[in-house]
Amino acid sequence: MKTGTAILHKKRGLRDRFEVMDFIILVILVIWAIAIIIPFISVIAISFATPQEYLESKLLLFPTRPTLSNYETLFADGRILVGYRTTLIILLIGVPINMFLTTSVAYALSRGHFPLKKFFLYAILFTMLFNGGIVPLYLLMMELHLTNSIWSVILAYGVNTFYMIIMRSYFQSLPDSLIESAQLDGAGEWTILFRIILPLSMPIIATVTLFYSVDRWNEWFNAMIFLRSNNMIPLQLVLRSMVLEATAQRTMMASSAAISQSMFSDGLKMAAVIVTMLPIMCVFPFLQKYFVKGILIGAVKA
Amino acid sequence: MSQSKAKSSRIALFWTQVKKNRQVYFLLLFGILWYAIFAYGPMYGLTLAFKQYRAVDGIFGSPWVGTQVFEYVFRDPAFMDSVIRTLWINAGRMIFQFPIPVILSLLLNEVRLGKSKKVLQSIFTFPHFLSWIIVSSIMLNVLGSQGVFNSFIKLMGGEPLSIIGNSNFFVPLLYITENWKSAGWSAIIYMAAIAGIDQEQYEAAEIDGASRLQRMIHITLPGIQVTVTVMFILAVGNLMTAGFDQVFNLSNPATATVAETLDMYIYRVTFQSASDFSFSTAVSLFKSVINFFLLVAADRLSKRFGGSGLFG
């Protein structure tokens, strides 16, 4: 019934003439979209531009003489490769650990009653309200002798309680009879989790894996505090140090020769921005629906 | 005699229950260990606020000094300034950030061409997935003296604005960039709420001759009122914490005086000046306690307004 009226409504809506109101709304939204897109176009253009063109052009949105020299300088520098390597290590070791911890806790807490269940659940939820903050965490890492080890960054972000709750509520929505019949067949909890629950939960597994992957890709604060060595800097921090370096250069030097030097560093900076966000840019169109699904499951719960 | 018997049988029942569920505990083990070490460990570390930290003795062995450290904290004028600045900046977010996703979702809902709606929504949500390091790198260029924004102003014959490194523009810059990055993403929750509104209400209103604007104000807005209220309360719960990544990456030495929020203050006293870990832990504890009460209050309130609270 409801879908029927919705279709009717849609049909009538399409037959309506294009009102002034439609036009105004569309203009506002398109301006907003342009305000989001223009910075990206500008960044791409600068990264492919020569310093001369960047200096001369009044509004650079499309380089007339595109060059790869900024990218060549960037990769010759080597830091960006260290960044990629570190971030990939953190992601490839970190995300499986995140998923293992999150899934096992979420499944255990979705099971029926067992002694101390409430205690564990509330102890976990409490961490969403109250935490020690960064200083005690730093001292803890020092006392565990994990500072300057990649494990400090990997272990500091183990379970995101919010994702765990999303997953738990998904597991709870699965019919109990599945688990009961498997138990009658003599399957243990781990077998049930891996053989029955996980295959049925692929949408939520995919969503949470994506959330963790994006978090890991964008992670920098813990690394900035825990890691000191120069050959273990995640990509985000490499970008940050390059941006800061270029800004410092610009304020220090004032001669005209130095200006063209700093313009060139703008090209290098923007090339670094592109290289850092490229993976997210590439996967976003395909994965957008999972992200949206994830936040909606969360929104229904929260 | 019978009482102790009942007690011992209850303990026996408890243990048979535990044994029956031993695999469930084994499932919980790894996650609980993680929470114990990396969530509760730092909470224990907060006791350092009442101790004088000595590296050789560690957190556990350092001697107790009572509330002495807090006296030092409250004597530092920069501390109270940073607290007030944090509350002030984040209160501004309620006015200049919070309504934007609501408006955006109302407008998106009125777009009748399904395809353009989808494309627009994709564009709006994308920047949310970039880190603040990336977004601030982009913004520092785009809004800088050579950037697109000032190039455009010059083309139109205006005077270029010096936005970056200008302390007058810093707080507005926070609101603008946050909206640029995440308003589209936040709008999704309201879009979902709008999708849940009964379509027949709109049809009835249409028959009664209500205009689009009237339908928006009298049907759509009341329809998402609960969601808006709950989101607002949750935002209040984040008054002390919102925006460290953003402030940290958008600020520079020129804006240091207007950018020192509580988190920035904690970062500075911990990692930049001669670090006194007891001092910074005391500040951390202060922040965690205030934040705890804000979140609990937010949770209670959102339940009262028909939401399901922080935990569902």
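**Ground rules**

I am working with a predicted model, where local features need pLDDT of at least 70 and side-chain atom pairs count only at pLDDT 80 or more, while totals for chains, interfaces and linings use all residues. Residues are numbered from 1 along each chain as its sequence is written, chains are lettered from A and ligands numbered from 1 in the order in which they are written, and side-chain values use heavy atoms, with hydrogens and water left out.

**Entry 1: the two domains of chain A**

I began with chain A, which splits into domain 1 (1-67) and domain 2 (71-302); these bounds come from an automatic or database domain assignment. Nine residues of domain 1 and twelve of domain 2 in chain A make the contact (heavy atoms within 4.5 Å).

Next I looked up the buried area, meaning the accessible area (1.4 Å probe) that two parts lose on being put together, summed over both. For the two domains of chain A I got about 900 Å², with 85% of it on carbon and sulfur atoms. Val43(A), Ser47(A) and Tyr54(A) supply 45% of what domain 1 buries against domain 2, more than any other three residues.

Two residue pairs across the domain interface of chain A pass, both at pLDDT 80 or more.

Which elements give two or more residues to the domain 1 side? They are helix 2 (20-48) and helix 3 (51-56) of chain A; helices (H or I, at least four residues) are DSSP runs, numbered from the N terminus. Helix 2 of chain A has the largest share, six residues. By class, I noted eight nonpolar, one polar and no charged residues on that side. Here Ala, Val, Leu, Ile, Met, Phe, Trp, Tyr, Cys and Pro count as nonpolar, Asp, Glu, Lys and Arg as charged, and the others, Gly among them, as polar.

**Entry 2: chain B against chain A**

I moved on to the two chains, where 96 residues of chain B touch 105 of chain A. Together they bury about 9,300 Å², 75% of it on carbon and sulfur atoms. I found one salt bridge across this interface: Arg212(B) pairs with Asp22(A), with the closest N and O atoms 3.0 Å apart. Twelve residue pairs are in polar contact, both residues at pLDDT 80 or more. On the chain B side, helix 2 (residues 22-45) gives the most, with 18 residues. The classes there are 63 nonpolar, 26 polar and seven charged residues.

**Entry 3: loop residues in chain A**

Most residues other than glycine have a negative phi. I still noted Leu116(A), which is not a glycine, at a positive phi of about 70 degrees. Leu116(A) sits in the loop between helix 5 (79-110) and helix 6 (117-129) of chain A. Is Leu116(A) buried, partly exposed or exposed? Leu116(A) is partly exposed, at 44% relative accessible area (buried is under 20%, exposed over 50%, partly exposed in between, with a 1.4 Å probe and protein chains only).

Asn148(A) has a positive phi too, about 65 degrees, and lies in the loop between helix 7 (134-143) and helix 8 (150-156) of chain A.

I also looked up Arg111(A), in the loop between helix 5 and helix 6 of chain A. Arg111(A) counts as buried at 13%. Leaving aside neighbours within four places in sequence, Arg111(A) contacts Lys117(A), Ile179(A), Gln183(A) and Glu189(A).

Methods. A polar contact is a pair of N or O atoms within 3.5 Å; within protein, one must be able to donate a hydrogen and the other to accept it, and residues adjacent in sequence count only if both atoms are side-chain atoms. A salt bridge is a side-chain nitrogen of Lys or Arg within 4 Å of a carboxyl oxygen of Asp or Glu.
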